[in-house]
Amino acid sequence: VALLKLKLDPNATDAKSGRTAMEFALAVLDHRCAGVLREQGALEILNPGHSEWALCMAAGTCSRRAMDHWCGVGDPDWQ
């Protein structure tokens, strides 16, 4: 949402991860933030391997709800 306050492109990608703000919001199941991004023109284009990446993001933010969701959606490699 800070991107929008600065009048930046809501579809811009992070230089390091190559992910958009929408991908980050969806990864942690922040539907309110995703809704604001959609209202401002953000597209829901997901990079390959999004669900596995989102599972890592959910674990990194300690979001049990998001971890449960992405474990069911993605194909985690348990090795």
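1. Arg-38 is partly exposed, at a relative accessible area of 41% (buried is under 20%, exposed over 50%, partly exposed in between; 1.4 Å probe, protein chains only). Its side chain meets that of Glu-44 in a salt bridge, 2.7 Å from N to O (a side-chain nitrogen of Lys or Arg within 4 Å of a carboxyl oxygen of Asp or Glu). Glu-44 is partly exposed too, at 45% relative accessibility.

2. The model is predicted: local features need pLDDT of at least 70, side-chain atom pairs count only at pLDDT 80 or more, and totals for chains, interfaces and linings use all residues. Residues are numbered from 1 along each chain as its sequence is written, and side-chain values use heavy atoms, without hydrogens and water.

3. The structure holds three salt bridges. One of them joins Glu-23 and Arg-19, 3.1 Å from N to O. Both Glu-23 and Arg-19 are buried.

4. Arg-64 and Asp-68 form a salt bridge at 3.2 Å, N to O. They lie four residues apart in helix 5, so about one helical turn separates them (helices are DSSP runs of H or I, at least four residues, numbered from the N terminus). Arg-64 is exposed, at 60% relative accessibility. Asp-68 is partly exposed, with a relative accessible area of 45%.

5. Helix 4 (residues 50–60) packs on helix 5 (residues 64–73) at about 160 degrees, axes 9 Å apart (axes are lines fitted to C-alpha atoms over the stretch in contact; angles run from 0 to 180 degrees between N-to-C directions). The two helices are therefore roughly antiparallel (over 145 degrees).

Notes. Parallel < 35°, antiparallel > 145°, perpendicular 65-115°, else oblique.
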